[in-house]
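Hi,

Have a look at it first, then read on.

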Amino acid sequence: MTLQGWALILGFVAILLALTKPVGAWLFALYEGRRTPLHVVLGPVERGFYKMAGIDPNAQQGWRRYALHMLIFNVALMVFTYAVLRLQFYLPGNPQGLAGLTPHLAFNTAISFTTNTNWQSYGGESTMSNLSQMLGLTIHNFLSAATGIALAFALFRGFAGRETKHLGNFWADVTRITLYLLLPICVVYTLFLIASGVPQTMAGVVNIDTLEGVRQSILLGPVASQEAIKMLGTNGGGFFNANSAHPFENPTALVNFVQMLSIFVIGFGLTWCFGKAVGNTRQGWAILSAMILLFLGGAAVCYWAEAAGNPVLHQLGVAGGNMEGKEVRFGVAASALFAAVTTAASCGAVNAMHDSFTALGGMIPLFNMQLGEVVIGGVGAGIYGFLLFAILAVFVAGLMVGRTPEYVGKKIESREVKLAVLAIAVLPLFVLGMTALSCVTGQGLAGPLNKGPHGFGEILYAFTSAVANNGSAFGGLTAATPWYDGLLGVAMWVGRFFIIVPMLAIAGSLAAKKHVPASAGSFPTTGVLWVGLLVGIVLVLGGLTFLPSLALGPIADHLAMIRGQLF
Amino acid sequence: MANSPTKSLFTAELVLPAIKASFVKLSPRELIRNPVMFVTAVVAALLTVLLVVGHDGLTTGFKLQLVVWLWLTVLFGTFAEALAEGRGKAQAASLRAAKAELTAKRLKGAGHEWENVPASALKIGDVVLVETGDLIPSDGEVVAGVASVNEAAITGESAPVIREAGGDRSAVTAGTRVISDEIRVKVTVNPGQGFLDRMIALVEGAERQKTPNEVALTILLVGLTIIFLIAVGTIPGFASFAGGSIPVAILAALLITLIPTTIAALLSAIGIAGMDRLVRFNVLAKSGRAVEAAGDVDVLLLDKTGTITIGDRQASEFRAVGGSDVDALAEAALMASLADETPEGRSIVVLAREQFKVSVASLPADAEIIPFTAQTRISGVRIGDRLIQKGAVDSILRAHPGVGETAAATQLRRITDEIARAGGTPLAVAENGRLLGAIFLKDVVKAGIRERFGELRRMGIRTVMITGDNPLTAAAIAAEAGVDDFLAQATPEDKLALIRKEQQGGKLVAMCGDGTNDAPALAQADVGVAMNTGTQAAREAGNMVDLDSDPTKLIEVVGLGKQLLMTRGALTTFSVANDVAKYFAIIPAMFVALYPGLGVLNVMGLATPQSAILSAIIFNALIIPLLVPLALKGVAYKPMGAGPLLARNLAVYGLGGLIAPFVGIKIIDLVVGGLGLA
């Protein structure tokens, strides 16, 4: 571990903290549907969309209607993408003449991008035509991110509402977020990436003769535009199979740093927006503090484990940290930080192979996801997931101070507890259930490359990544099979929508409640104690649920490594 | 709750029936009401079957011990509930005795003719005659007569109370005894729905319904159980990947230690004991919901008289006017008050004698006493040609036209204002139409009440004093008593409006009242405590009845409500925190055969895998009876802000819950090893 490495991690957080309020304020304007400076240019576009689709952006929706419209929108997009992927051979924008995807791969990929997971069972450049990448996939990068943020807005409105049914209008939210937040940033971001050397072209392949006299094909494409939203929308689906480890996706140290910032920046801003929405920005800062503590804890362990390296290799005379599967140009610290960031947020982009991390170093990405992708989390999904934990934390805390629990002015009663538990149980049920199923079936057992705890970890990681809608791959697992494509597809779908629906029901239930002003008797949800309690609840619930699986996976792996046994 | 009666928890008369009842409660129909304990029982039953038919490489002795401890876990839970119920049952038995064999003298028509009928035959609207020595057969309202009634059967207080027709003391309760005079009572409830019936049902816990927070907590516990079922149920799959298998008995042990059995076993006992504490405190809550609401109260409306100040005003000063001598004033005030038997009158006599050494012992024989009437609002005495009068300042001035313009009157008015501003009530004294001065009647704020309000403030509760006084006086008393706000010259409508206003702002309001005109406000308040001495209307409107009719008790009720919730929260936290240590006991024991490296997780250094598993399950079972006293008594509660309170409870039950099982399991492991059990 080096001072430089720690400076990188802390500097990273400091810059994000500085960006939190401005980004949060911008988000808050969109949350309220207020005019922004961009309305001069984009206002007519926005109104044009509404007119075309026959939508009244001011028509308020209750939670059921909001949920229904969100589901219709997402199912429609998923079916559209499935069709594009299956038919890509017959469609234009396919300079390489790539064949259509198999049904299970198209199914898996369509769900993957609809759910903001971007799990890639396919090898990007060698499977997807340019049109598929742009129309089938990049469109989801925007709209699944916008959906996530819109859902967070709906939940905020639930907390902020006073005896109302209204949670806003789904179509207006998605349109505004896409137009005034995601697109403008991506335009600037894409230009920055192009300037840094990321390709942006419709040409498919460049053929060159190398110095050795060999003819080599170098794949190009509209990389920069996909790269920008891949990070900003915590999507993570790379243009190339190697993702952000590929020099065309992630050419310089500066780009690497900016990519990490862009994964977190909206998540940070949303916490501020939440505080503002409920009338006390300290509520937002408290949530953010808890998230940052969880993040820094994970990043520190990961960095420490990777910097410590592998004792078996040390004995063989290979000094230093664990460099297996890492880009030499990034090194240990930037790779460990990237891994912690991409799994804390449900991005899933990778700049190193997590499978090649040390056992403990690789456990952090896994555990980050097992906490429910709430440490910053995916755009929107992170904060609404975290607020579900906050509901449980405040329930226990409320009882302990002898009052019916209340959070930001809303009483938390049996309906909220029931729905929160329902949503939180989705992750363990499907992660552990599907992993166990894959451990006892022939098709499941055919997947992992390795044996013993490491092989088990590969399966566990895949399902964790899918249900948590992260999309990062541990590697090592052969996932492009009907078994894994199918099961992971289902995992991604339930991991997204089985949480969203109860979450929206909570929003509806909260909105209908009276606002209870805080008094000295109500437990303050802004202080150090609350932050500690949040961290504790997230860790205890996540830890207690996944400890047996971790013990048989990375922990056994690590202990074996210490004893000199590698898998 | 220092002055609540305490009783030993574990006396033979309570424990023995509870042991018996704990087996009766094993019936599935009873158990299903507590899902976590139901799961435990199902697992215990499953293992019992496997004990006979299973072949899994575990010794029968080990499995037998597991089965025994699993059943004990269930039994400890049912025992806790039975013990809590038993305490109420003893009380119900004595109430039943009061109710047994009540007969009524039902009046026929308006005359004095009556017939003897059993109390169970009485209907709403019947009028019964109750004579000296009779038990009142039904709840009702006195429609004629006045009587002193011994209500010890209900309140435990043997001093008789007055019940009379009209006014605020007209309600009578079945099972209480008239000890003098006779009254006619109009029946207000149908058989089986009276106060006594409700009280019996309540203390027995028969009508107990889960309160909203209890329901929410049960859902959380069920959720945790489901999550742990998933966590444990998937282990065989994981183990098969590692090329091994885990015996069902071990998985069952892990499951039971992880699911929140501790809090689940004690949950209903906590609820029953909470209601029971309230009953012991002589407060009767009509529902558990009301008790929980008491813990949430934000605003407390308190009547000034009797709650904040002692009921009677005390003379504290004489203020002479118009050049008259203060000693002369004291003497005149004494003479005018000698025949005045009100506490205020007596306090004037005491003040004159003690501070001004007026040595008149009694009125001369020829003195003519002028009694107080509501019309004149003046009382006094005529001795020979001396006419001494005392009364409200306005009344005295009105009684002597012309005096109002004198300098003495101006001076008197100024003094009147001063006294009002100081929170007192002035009485003017005049002799033969000449103003002598004013008596300062002081409202005496109860000792220690200021501290109580300070406590309430720390608990986050705002107190509002309700008084009929003018705003000036009210402000002074409010300042002296330390209440946060006051409502002066309050009418019943004002009270109702105030409650509605607070509720619209999202506040929960508690109040107490006794009169019929309090009934709407009592019904509107979230927590309405009716005084037992009050009218039937008030008792129906409130959701609690204070049998001692002590308005300050509202403060304790709030504490009890909070304590109830805190006990649940604290034990939930404790229960979940325990799981960490249990994992460290069982995970290495379970997996060490698959991956020997996992042995390092055995941080407690437990002797063998079997001993580790057994120790965890024994700890899990034994912690339940160990916590029964805490569940029944409730966690200690001191009024303080929510932040420090949470910090304290988290430290005790969270951190304590984390550490305690590490120590406990290690000790049990040593014992198990020492006895050679595993």
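Buried residues make up 56% of the 678 in chain B, where buried means under 20% relative accessible area with a 1.4 Å probe and protein chains only. Bear in mind that this is a predicted model: local features need pLDDT of at least 70, side-chain atom pairs count only at pLDDT 80 or more, and totals for chains, interfaces and linings use all residues. Residues are numbered from 1 along each chain as its sequence is written, chains are lettered from A and ligands numbered from 1 in the order written, and side-chain values use heavy atoms, with hydrogens and water left out.

Chain B has 23 helices and 21 strands (DSSP runs: H or I of at least four residues for helices, E of at least two for strands). Its radius of gyration, taken over C-alpha atoms, is 34 Å, well over the 26 Å from the globule rule (2.2 Å times the number of residues to the power 0.38), so chain B is more spread out than a compact globule. Along the principal axes, its C-alpha atoms fill a box of roughly 115 × 60 × 45 Å.

Now the interface. 60 residues of chain A are in contact with 59 of chain B, contact being heavy atoms within 4.5 Å. Together the two chains bury about 4,700 Å², 78% of it on carbon and sulfur atoms; that is the accessible area (1.4 Å probe) lost on putting them together, summed over both. On the chain A side, A:Met400, A:Leu544 and A:Leu552 supply 16% of the area buried against chain B, more than any other three residues.

Cheers

Technical notes:
Buried means under 20% relative accessible area, exposed over 50%, partly exposed in between (1.4 Å probe, protein chains only).
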